[in-house]
Structures are given as structure tokens and as C-alpha cells.
Number of protein chains: 2
Amino acid sequence: MDRAEGQLTPETNEVLTDLKAAWPVMAPDERIESLKLLPEDEAEEFFLALTSREQAQLLVALPHLTRRAWLRLLPLDDAADVVQHASRGDRDALLALLDDVSLREVRALLAYAEDEAGGLMNPRFARLRPEMTVDEAILYLRRQAQQKDRPIYYCYVLDSEQKLKGVLSFRQLLTAPAAKRIEEVMITDVVTVAEDLDQEKIAPLFSAKNLVALPVLDGDGRMKGVVSAEDIVDVVQEEATEDIQKLAGVEALDAPYLQVSILEMVRKRAGWLAILFLGGTLTASAIGHFDHELSLWKVLMAYIPLIMSSGGNSGSQSATLVIRALALGELRLDDWWRVFKRELIGGLTLGLFLSCIGMLRVLLWQWLFGEYGDHFMRLAFTISFSVVGVVLFGSLVGSLLPFLLRLLKLDPATACSPFVATFCDVTGLMIYFGFCSLIYIPHVPSDLPP
Amino acid sequence: MDRAEGQLTPETNEVLTDLKAAWPVMAPDERIESLKLLPEDEAEEFFLALTSREQAQLLVALPHLTRRAWLRLLPLDDAADVVQHASRGDRDALLALLDDVSLREVRALLAYAEDEAGGLMNPRFARLRPEMTVDEAILYLRRQAQQKDRPIYYCYVLDSEQKLKGVLSFRQLLTAPAAKRIEEVMITDVVTVAEDLDQEKIAPLFSAKNLVALPVLDGDGRMKGVVSAEDIVDVVQEEATEDIQKLAGVEALDAPYLQVSILEMVRKRAGWLAILFLGGTLTASAIGHFDHELSLWKVLMAYIPLIMSSGGNSGSQSATLVIRALALGELRLDDWWRVFKRELIGGLTLGLFLSCIGMLRVLLWQWLFGEYGDHFMRLAFTISFSVVGVVLFGSLVGSLLPFLLRLLKLDPATACSPFVATFCDVTGLMIYFGFCSLIYIPHVPSDLPP
């Protein structure tokens, strides 16, 4: 059975799903034992569905013969990924299992960075020459040995220098008049990607053009391989996971949650937590400078966290929306002014909306408990003005900081949320203390000391 | 030129990219004018690369004849998406442009929810009968008219009741012995999806099985259409964007940032901001109950935001990691106990780490400014114990709440972050006030009233 097109019935699928769920917590020898219980083809299917990291772990633990057979099941780009995920000591042992031709191709793939087009592509694809007739081409393809390899859905037409001249799908080949030459029926304006193109930039091409595979060219226009849509599904999923983790102030885990050791997890979370903690000590200093007033007008103290978190929440909303839009290419650097105007209006509106809620809360508590004394309206206005200020400020900082980071060639997702949070906290306090000093403190008698 | 395999040279690509960037801010008549400046095939390509929403907006603004021609360029599943994105009033006008056969198929597609397999699939695909020979099958496919339709990479073998019997790729068909019958060479254990399967569950099948297209079956095993990998690239991208936006407390925008009206944006952000604001007023109440003590021991006040945000940050880290792992299927409901144990150890470690930083900060300030008086060690321990408590509590709540929401059949991404934040804030205050009352207040003389 051709491995890449090998498919499973739903029932088998379920057994394998259970095994897959238990996989992360099984010891290496438990894994091998449970695979032995499966029929050979199911065990192979299971192996093929594992991630490259898991495949590498398993291969190293397998007996030599099975190891060789299973490594050879993999398409070459996947085999290269497995070698990349093995520990340095195991790499040569794995490479030694490949035949000479495959070894050369895998070594070539290993030279690419994992996240560029060259690192994703499969170097094997169906090649035709422009001067063949359709009939000759079909015969030629039928004569070629059926490779245990990923099925590619286009035939690529190369000249004698391996330069890409055109493309046609197997289906187009099949339905073309038999006597025409390939160069007469092939499509000549082809979307291609450069071998060093970043993988993030490849995904939009697939979805915009409805293509299932893209040819990868080197700087001289020679065709090196093919990236296919199902590889990109993984890439898109991984990139999104990384961005989500970074937005929450965690370094990218690079592996499923349960497979990351607790120590590693702590390390990846500790960095940003410590930076945020140090940022947070700035709020302690800021409050420290104002503590005399706060202890004399106690009610002002109670509202500090509310004001601060309003700024932080609106800031993180704006930052997240802009970071994602930048990542998807919906926004470009020179859109910053348009974004600024939108967030100015939006932030002001949201601030006014929240300030009304704040106003109502003060009035309601005054009416229910009378706890704010004669000057409750001054308190209500202090809270309201501060909320408008911090929400507006949070939205503007949150939306513009990602542009600044991108301008500085930094990844907006990495650094943004923590900075926005700390920035909004400290400036939020300033805004609040400002309005307290302006509207409330000079006009309201202090709480008498007990 | 076959539209779905139509491809562009890099140069043309660049011009279109610029037009695409300006597109969101152009008026409908500007859009039509600038498309008129392009050669016809480039204008068509541009139209095909737009999102369904943009295609719908454009079609409605076009003159009748172009509108009909362009709508008919679309594969039927995309045409159905366009109709779905048009305003109710325009839908019938658009449907009227289709020929009878397409109209029937598009209406059938419109009956599916947009986010289930049936709503993603293309109802046209290459069908073979099991009793054909390979030669007959190739002849049959060559005789069929070349449809302006998305190329499908497998041939599906159906019996007389339209039940799926097997599958084979065009390439396998081409390389099979000419005289064999299809049922002898086809693959019979096929991965299929049910027509009402949620789109989130489809993506993992593509990446695990390295498949480029999956057949969609109804409840009786009859084949209804095909979902292909390049559609799933979009789906994965959209689902990730939704989750990212929800995690930041924004309702899913469902459109690119610049294309959402400011009013709509404000509406989608206001809901969670208001809920968080109301949650935040609980902190005001909590602090209000403690304000007498805080005004007598002013230094305790200064550390409130730091303690609260430490809990919130670790909670949002845990919540995000678990929510993403649940979304990717890396975690299942019954993993909660394993996650609990991990977060218990991880949260404790992180808490101890941050508490050391907190301890150092207090000691350093005492040494530099002497500002905490004789009982600075009591303050240092109050801060340290509280930080351990809130970080541990934040990690546990943040990691378990997503499981609870999933158990209640709610989307963990939607509600989790805001709840975790508010929960951590209020309980963080309680933990802090608890340690203040235990370690600090009873043993330290209050700041004398001025």
C-alpha cells in the first residue's frame, strides 16, 4: 500500500486515538510493546501519524531492522525533520540507515532552516520535459517506479538546466489531447516560492490561490522541490500556537503541553513573570509616593486596582487585535496612522462607556450605603475621568507598540503584552493620581485619623 | 485557462498585493474603476483571491453581465460562501445568476452550517465505478468536459447508490496496470468525515494523515463532496484568530481589522470590558473592607497591585497553555488530574522564584532607603508568602477552569481569561490580607497619624 495515500477506517482510527492519547506518558519500552500488539500496517500508520519529535524518540528505541524499515517509510522531507529532532548523538546513526540517493537528498534538506520554504519542501516530484507529447508524458509517468513517497498533484515541466518552464496537474495531463506537446498545454505563469522564503509567508499563498502545492526555486530559477498544502496546515497551526503562547507571556513551548518537562515549563514561564514582577514593583513605588494622601482619603485607595486593570484590559485588547492583524498581513507598517485614528475614537468611546458604569457604581453605593459622604460627586467624577484617560491611553499604547516593535525588527507577539501591561499600570496610576489631586483632594476634607 | 490552477508570476503578484492592501479603504466605485485598469485575466485572478466577504461586496456593485461571469468563475463551495456573506436582500439576486444545476448544488451547500464539513466541501469530484478497468477509467475521465472547477486529486469510487467504496489518486490511476479493474487497485480503507463534523476536528486529520483531500459522507455512507487541504489552511488560520481574540477578551471580529467598523469594534470589545470592570469593582469593595488597616499601615497598600498582578499573570499563562492544548487535542477532559499535579509543582516553583525577587526588593529598599522601619523582615515575609500563595492559586485556577468550561460544553477560549483575571484579583487580595493580618499587623505598630 502506498504509504502517503494509506488511509484508515474510522474504527481503527479510534483505537489508535486512544494509544496516541496515552503516548506522552508511556515509557520507551511500553511504547514499543504496545506497537507490537498492533498489526504491522496499523503500527506503521501509527508511526507515520506521530510528530517528528515523537518519531525520532521512537526510532532511536527500536531494534535496528525495524528502525531502518520505518525511517524509509517516511517521505524525505519528513525523514529530514526526524533527523533534525533527534539528539546530536543519534543523528549520524539515523542518517546511516538511508540509501545513498536518499542520504544525499536528506543532507541537502538539513542545510535549510526548519522554518523556510527549503526546510518544508519535498525534493521528489514528477518532472516532464517541454518537448514531450501528452501521450509520451503519460507513458513516461506510468513507466516510472511507484515510489513510496508523498503523492504530488502537479507535474513540473523542467528544461535541461532544471529551470521551471511550466506546470500541469495530473488531471489536466489526463484530459489534454494526446498528440499535443507538453509546452502547448502547460500553464506558464506559475506562482513559485524562493527556497529561503519564511514559512509564515507561504500560508497566505495557498489560501489566496487555492493551490495544493507550490514549487520551490533557488536563486537561479532551478526547481528544488515542492511544498504542499497539508504541510502548511501544520505550519499555520504551530505559528498560531507560538503567537498565542507569546501573547500570554510564555516562551513558545515547541511541544505539546504534557510533553514539556515541568522544569522546562517553569523556565519558559519564569522569564516574563519576573520581568512583569519587576515592572509591578514600579507600581509599588508610585503608590508609595502617594501613600500619605491615600491614607488620608481612604476611598481613593480602594479604586486603584479597578482603574489600573481597566487600562490594562483595553490595552491588551488593542495589542492583541493589532498583533494578529500584523501577523496575518492585514495591517502593514504604514497603516499605523489609520490604526491610531481608529483607536483614538474607539478608546474614547469605550472609556466613556466604562466611565458611565463607574459613575453609576459610585452613585449606587452612595444611595445604598451612603459611604462616600457629601462629596460623592467629586469621587464619581474622579473615577470617571480617570477611566476615560486610562482606557484611551491603554488602547493607543496597545495598538501602537506592536508597530514600533515591528519597525525595530522585533516580533510584536513576543514582547508586547507584558510591556503594555506594565506601561498601562504605571501610567494608569499617574493619570488617576493626577485627577485625584485635581478634582478630589483639594476640595474634600480628609478622613479624620481614629 | 483553468481558473483554480491559474497562477501568477511574481511581478504581477506585487501590483495586485498593493491593490489588495488599499482595498479595505476604497469606496465601491473606486474598486470597480481600479479593476477596470487591469487586464481581464488579472482582474479575475484578483477577484478570486479576495475573501468571500469582499467578493460579495464587489459582486453586488458590479454591472450585471460581469457579475454573472465572475460569480460563475467560483467553485461551487466558494459561490455558496459568497451568497452567505451577502446581505439578505442581495442573496436571491446572486442565486439568480447561477445555472440550474449549480443553483441546486449551491442551495444544498447553503443548508450546512458554515463551520461544519458540509459547509466547506466542494460537491463536484471525479467519480469512478468499481467495475471499470483502469483503461476505461482513464478514457472516461478524459472524455469528461474540463470543468472550470477546483482540481481534485483523488478519484472516488462509488457504487450505484453513491456509497463510497474506495479511492485512488490520479497518479495511482495513471501508474496502475491498464487491464486491472478499479476495485482491484483502489484503496478501500478510507478516512472519511461526516457531513456535520465540526471544522476544528478536520484539521488534525489532514496533518496526521498527510492527505490533501477528504471525502464527506452523509449518515447513510453516501458521498456528498470533498474537503481539500487548502480550504483547511484558511479554517485553521481563522480558528486561531478567533481564539486569540477571545483570549484577549474580544468577541471574534470575523473580518480583517481595518474592515470592521469602529462601532462594531467597540461593541465587540465593550462586553468583556464591562464584565471585567464590574468584576474589578469587587476589588474596590474588598479593599474598602480593609481600608482602616491599610491607612494605618500604609506600606501594605503599596504592594496591593503587585500581588494582584502576579496572580493574574501566572493564571493567564496557565489558562492560555491549557486552552490551546485543549483546542489542539493535546489534552482531553480526563487529563485534568495530570494537569493539576503539574501546575501544583510548577506554580509552587514559580511562586517561590517570584517571592525571592519580592524578598530581595524589600531588603534592597530597606538597605537603600531604610523606608520600612524595624519590622522590614515581617513585611518581606508577608510579601513573599502572599506571592507564593497567589501564583500557586492563579496557576491552579487558570489551568482547571478551562476543563470546567469544556465539561459544561462551553468554549474555554471565550470566557476563561476574564474570569481567571477577576477570580485571581479578588482571591489574591484575600490571600494578601490574610497574611497581613497574620504576620504583619498584630506585631507592627501602626504609622502614627500625622
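With 6 C-beta neighbours inside 10 Å, Lys409(B) counts as exposed, a class given to residues with 12 or fewer other C-beta atoms within 10 Å of their own, whereas 20 or more make a residue buried and counts in between make it partly exposed, with C-beta atoms placed from the backbone. The model is a predicted one, in which local features need pLDDT of at least 70, side-chain atom pairs count only at pLDDT 80 or more, and totals for chains, interfaces and linings use all residues. Residues are numbered from 1 along each chain as its sequence is written, and chains are lettered from A and ligands numbered from 1 in the order in which they are written.

Lys409(B) belongs to the loop that joins helix H20 (376-407) to helix H21 (412-440) of chain B; helices (H or I, at least four residues) and strands (E, at least two) are DSSP runs numbered from the N terminus. Although Lys409(B) is not a glycine, its phi is positive, at about 65 degrees. Most residues other than glycine have a negative phi. Gln162(B), also not a glycine, has a positive phi of about 65 degrees. This residue sits in the loop between strand S2 (154-158) and strand S3 (164-169) of chain B, and Gln162(B) is partly exposed, with 15 C-beta neighbours inside 10 Å.

The relation between the chains comes next. The same surface serves both copies, since 99% of the contact residues of chain A recur in chain B, contact being defined by C-beta atoms, placed from the backbone, that lie within 7 Å.

The contact draws 108 residues from chain A and 107 residues from chain B. On the side of chain A that touches chain B, 60 residues are nonpolar, 27 polar and 21 charged. In this classification Ala, Val, Leu, Ile, Met, Phe, Trp, Tyr, Cys and Pro count as nonpolar, Asp, Glu, Lys and Arg as charged, and the others, Gly among them, as polar.

Helix H14 contributes to the pairing of the chains. The axes of H14 (residues 229-247) of chain A and H14 (residues 229-247) of chain B come within 8 Å and cross at roughly 5 degrees; axes are lines fitted to C-alpha atoms, for helices over the stretch in contact, and angles run from 0 to 180 degrees between N-to-C directions. H14(A) and H14(B) are therefore roughly parallel to each other, the term for angles under 35 degrees, while those over 145 are roughly antiparallel, those from 65 to 115 roughly perpendicular and the rest oblique. Among the residues that make this contact are Ile232(A), Val236(A) and Leu247(A) of H14(A), and Ile232(B), Val236(B) and Leu247(B) of H14(B). By class, the contact of the two helices has 14 nonpolar, 2 polar and 4 charged residues.

Glu230(B) lies in H14 of chain B and is buried, with 25 C-beta neighbours inside 10 Å. Not counting residues up to four places away in sequence, Glu230(B) touches Phe206(A), Ser207(A), Asn210(A), Leu211(A), Val212(A) and Ala229(A). The loop between H14 and helix H15 (262-289) of chain A holds Ala248(A), which is buried, with 25 other C-beta atoms within 10 Å. Under the same exclusion of residues up to four places away, Ala248(A) touches Ser316(B), Gln317(B) and Thr320(B).

Within chain A, the domain assignment gives domain 1 (10-111), domain 2 (126-228) and domain 3 (261-443), with bounds from an automatic or database assignment. The C-alpha centres of domain 1 and domain 3 of chain A lie 50 Å apart.

Two further residues of chain B complete the account. Ser34(B), in helix H2 (residues 28-36), is partly exposed, with 15 other C-beta atoms within 10 Å. Ser34(B) and Glu136(B) are 102 residues apart in sequence and 48 Å apart in space, C-alpha to C-alpha. Leu50(B) lies in the loop between helix H3 (40-49) and helix H4 (52-61) of chain B and is partly exposed, with 18 C-beta neighbours inside 10 Å. Leu50(B) touches Gln55(B) and Leu58(B), not counting residues up to four places away in sequence.

Conventions:
Contact = placed C-beta atoms within 7 Å.
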